[in-house]
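Below is a short briefing on one protein chain. It covers the fold, the cores, a helix pair and some backbone features.

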Amino acid sequence: MCIELCHNHINASSFSHRSPSSYIYLSIYETQPHISLSHSICILFLLVQNKVTTELIKKREEKNLLLSSVLMAGLNFEAEYGDSHNILKALSDEGVEFLLSCDERKVPLSECNGKIICLFFSANWCRPCRGFIPHLVELYDTLRKRGISLEIIFVSFDREEGGFNEHLKSMPWLAVPFDVNLHRRLIDRYRVDRIPSFIPLCSDDDITVEDLIGCIEDYGANAFPFTRKRHEELKAVDKMKREEANLEELLAQEGCNFLISGDDIKVPVSELTDKTIGLYFSAYWSPPCRSFTIQLTDVYNNLNAAKSSHYFEIVLISTDRDLKEFNINRSSMPWLAIPYEDRKRHDLCRIFDIKGIPALVLIGPDGKVISENGKFMVSSYGADAYPFTESRIRDLEAALRKQGETLPQQVEDIKHEHVLKLDMAKAYVCDSCKKQGKFWAFSCDVCDYDLHPSCVEKLHKD
Ligand SMILES: [Zn+2]
Ligand SMILES: [Zn+2]
């Protein structure tokens, strides 16, 4: 972490727009006695992933405190070296003189002196472990680039030396040399009952193993210093982004403030301001996504053809499994996409808590989220749902109710032998005119028969 302390007080006015700089200048207010550093110093942070813009910081006093404390949390790394020291002593007591690196180098234990040590319990045969390692590699590289003196020591659950060696190849950190009994004693000492387990020895925080693994998967290096408080703070920033951030804060980040068009042209995020935007979470492997893409394309073309100016834009946030699928996926879409290699894809899924795809989050021309349920709006009302506001949906629903009130509860139609009942259907095909219908229909309870209300030919008795 790049931290510079200087003794000049920098006041709030120097929070001015410094983007695209990756530095955020924070002054510590004298109103924040809980911060252990002396007053009137300025802290300069290099935030690699989460750009928290100065605008957000300025917004409200309470936010101000929150955000600065979020950034502060990264400073607590001088915390406890005690446990880090203890593990080195314990290893040395066990007769371990060196640790192993992935290139089979023997690294003397003493090289870890003074470092923040984290233990990583894992096994080659364990699929979740293999899935977690790339997250941990990214964290390890990023934190070390930030100048944090961190070392991870791998303790193996493998029973075979072959598996241990194979596993170690995927790790840029160090390992306790293979010895089943020694590893077993370490596992017992730290009461590890599941893998992957990541145990930072820099604090005795009570964050659970599952939460910490999830926190690292979600936030990468920003999870440091791996405390429950840190996790809560990161979640609070996500919440703020979801509820209050504008489009640029959501989509533009350090070094990656553009989207790509179908023909691979870079489009700056700033070009999207003043438009209604749909953030479309989708993957090619998902059949429901492929069919919703067709509906959404219809709405997109419809809305953009209706007005002379291009005023509704969609951004694909792909959850495709690889670049090839991503390219196939977006080849069917006339709109923009976040580049596949951009970590924001992952961040936006987390910020909007995307549990299933397809999902569509709609953002208004003012840059604020209008609805996280755009899929329902588009699949129910198509282009009529525009501008996707709650009041628009209420109007559409009221019009539908009104239409329903004018229709009889049931009818007898000359084309069908059974009584047809008034029904509400999301989509059906009319058995008379063979055209698509939605909402009100007259349907048969006995067989699969539906009619548009307008296609009913009443059987007049007497
Ligand atoms: Zn019909
Ligand atoms: Zn029938």
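This is a predicted model: local features need pLDDT of at least 70, side-chain atom pairs count only at pLDDT 80 or more; totals for chains, interfaces and linings use all residues.

**Briefing**

Residues are numbered from 1 along each chain as its sequence is written, chains are lettered from A and ligands are numbered from 1, in the order in which they are written.

**Overall make-up**

- The chain contains 14 helices and 20 strands; these are DSSP runs numbered from the N terminus, helices being H or I with at least four residues and strands E with at least two.
- Of its 462 residues, 30% count as buried.
- Among contacts in the chain between residues at least 6 apart in sequence, 59% join residues at least 24 apart; two residues are in contact if their C-beta atoms, placed from the backbone, lie within 7 Å.

**Cores**

- The largest nonpolar core has 44 residues, and Phe120, Ile153, Phe154 and Ile216 have the most contacts inside it.
- A nonpolar core is a set of buried Ala, Val, Leu, Ile, Met, Phe, Trp, Tyr and Cys residues joined through C-beta atoms within 7 Å.
- Elements that give two or more residues to this core include α3 (82–93), α4 (127–145), β7 (150–156) and α7 (209–219).
- Leaving aside neighbours within four places in sequence, Ile216 is in contact with His135, Leu136, Leu139, Phe198 and Ala223.
- Another core lies apart from the largest one; this other core has 41 residues, among them Leu259, Leu336, Leu348 and Leu360.

**The six-stranded sheet**

- Six strands form an open sheet with mixed pairing, in the order β5-β4-β8-β7-β6-β9; two strands pair if DSSP finds at least two bridges between them.
- β5 (106–108) and β9 (197–200) stand at the edges with a single partner strand each, so one side of each has no neighbour in the sheet.
- β4 and β5 pair in the antiparallel sense over three bridges, and Leu100 stands opposite Lys106 in β5.
- α5 packs on the sheet and touches β4, β6, β7 and β8; the direction of α5 makes about 155 degrees with that of β7.
- The hairpin of β4 and β5 has four residues between the strands, and Glu104 in the turn has a positive phi of about 65 degrees.
- β4 also pairs with β8 in the antiparallel sense, over two bridges; the bridge partner of Leu100 in β8 is Ala175.

**Helices α10 and α13**

- Helix α10 (residues 287–306) and helix α13 (residues 374–381) pack at an angle of about 75 degrees, and their axes are 10 Å apart.
- Axes are lines fitted to C-alpha atoms, for helices over the stretch in contact, and angles run from 0 to 180 degrees between N-to-C directions.
- α10 and α13 are therefore roughly perpendicular to each other, a term for angles of 65 to 115 degrees.
- Phe292, Gln295, Leu296 and Val299 of α10 make the contact with Lys375, Val378 and Ser379 of α13.

**The loop between α13 and α14**

- Ala385 is found in the loop between α13 and α14 (390–405) and is buried, with 21 other C-beta atoms within 10 Å.
- Not counting residues up to four places away in sequence, Ala385 touches Met377, Val378, Arg392 and Ile393.
- The C-alpha atoms of Ala385 and Val299 are separated by 9.4 Å, although the two are 86 residues apart along the chain.
- A cis peptide bond joins Tyr386 and Pro387, with omega about 5 degrees; Pro387 lies in the loop between α13 and α14.
- Phe388 is in the loop between α13 and α14, has a positive phi of about 65 degrees although it is not a glycine, and is buried, with 21 other C-beta atoms within 10 Å.

**Other backbone features**

- Asp274 is in the loop between β11 (266–268) and β12 (276–282) and has a positive phi of about 75 degrees although it is not a glycine.
- A cis peptide bond joins Ile357 and Pro358, with omega about 5 degrees; Pro358 lies in the loop between α12 (344–351) and β15 (359–363).

Notes: A residue is buried if 20 or more other C-beta atoms lie within 10 Å of its own, exposed if 12 or fewer, and partly exposed in between; C-beta atoms are placed from the backbone. Angles under 35 degrees count as roughly parallel, over 145 as roughly antiparallel, 65 to 115 as roughly perpendicular and the rest as oblique.
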